[in-house]
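Morning, everyone. I'll walk you through one chain today, piece by piece. Please have a look at the picture first.

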Amino acid sequence: MAVAGELCLFAHSNALLVSHVCNVLEAAGIACELRNMSLGGGAGELPLSECEPEVWVAACDYTHAQLLLQAALHGPDDMPSAWRCQQCGEMLDGVFDTCWQCGTPRDME
Ligand SMILES: [Zn+2]
């Protein structure tokens with residue numbers, strides 16, 4: 001059922017990770033297709049490499065999708081959200097655990 005102009009963007013044995021990637025792409029407006037998602041149970045006869053869940057995207061979206069893929073795999077930890085110090089009101093990048101201005105620890109959200 002291969003469709004012309006589609007490319008396999010990502011494949012991984014962890015179906016949760018694959019569907020996470022798909023969710024990120026769809027949230028960004030890129031149509032994607034999951035394949036091999038339903039073979040986990042009775043796939044004993046197939047080599048693992050042939051039943052890994054895959055994410056496919058249109059060829060024209062491939063480059064953009066690759067960037068989103070990198071962000072999806074490494075994103076939240078590399079780019080924590082900014083926060084505001086409760087003590088002095090300073091806006092701080094998410095990489096800081098404490099306020100550089102007054103030393104107040106970041107509140108758990
Ligand atoms: Zn502060």
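Let's start with helix 1: on one side of it, Leu16, Asn23 and Ala27 are exposed. Keep that in mind while I give the background. This is a predicted model.

Now the overall layout. The chain has two helices and five strands. Reading from the N terminus, the order is β-α-β-β-α-β-β. Of the 109 residues in the chain, 17% are buried. Take the contacts with a separation of 6 or more: 47% of them join residues 24 or more positions apart.

Back to helix 1. How far apart are its end C-alpha atoms? They are 18 Å apart.

Which residues of helix 1 are buried? They are Val18, Val21, Cys22 and Leu25. Seen down the helix axis, the buried residues fall within an arc of 100°, so they line one face of helix 1. An α-helix has 3.6 residues a turn, so residues three or four places apart point the same way.

After helix 1 comes glycine 29, with a positive phi near 90°.

Three strands form an open sheet in the order 1-3-2, with antiparallel pairing. Strand 1 and strand 2 stand at the edges with a single partner strand each, so one side of each has no neighbour in the sheet. On average, neighbouring strands here are turned by 30° against each other, direction ignored.

Look at strand 2 and strand 3. Four bridges join them, and they run antiparallel.

Where does helix 1 sit? It lies across strand 1, strand 2 and strand 3, and runs at about 170° to strand 2.

Now a loop residue. Asparagine 36 is in the loop between strand 2 and strand 3. Its phi is positive, about 65°, although it is not a glycine. Most residues other than glycine have a negative phi. Asparagine 36 counts as partly exposed because it has 16 C-beta neighbours inside 10 Å.

Last stop: glycine 103, in the segment after strand 5. Why does glycine 103 count as exposed? Because it has 10 C-beta neighbours inside 10 Å, and the cut-off for exposed is 12 or fewer. Glycine 103 is 18 residues from cysteine 85 in sequence, and their C-alpha atoms are 9.2 Å apart.

Definitions and conventions. Residues are numbered from 1 along each chain as its sequence is written. This is a predicted model: local features need pLDDT of at least 70, side-chain atom pairs count only at pLDDT 80 or more; totals for chains, interfaces and linings use all residues. The expected span of a helix is 1.5 Å times one less than its number of residues. A residue is buried if 20 or more other C-beta atoms lie within 10 Å of its own, exposed if 12 or fewer, and partly exposed in between; C-beta atoms are placed from the backbone. The arc is that of the directions from the helix axis to the C-beta atoms. Two residues are in contact if their C-beta atoms, placed from the backbone, lie within 7 Å. Two strands pair if DSSP finds at least two bridges between them. Axes are lines fitted to C-alpha atoms, for helices over the stretch in contact, and angles run from 0 to 180 degrees between N-to-C directions.
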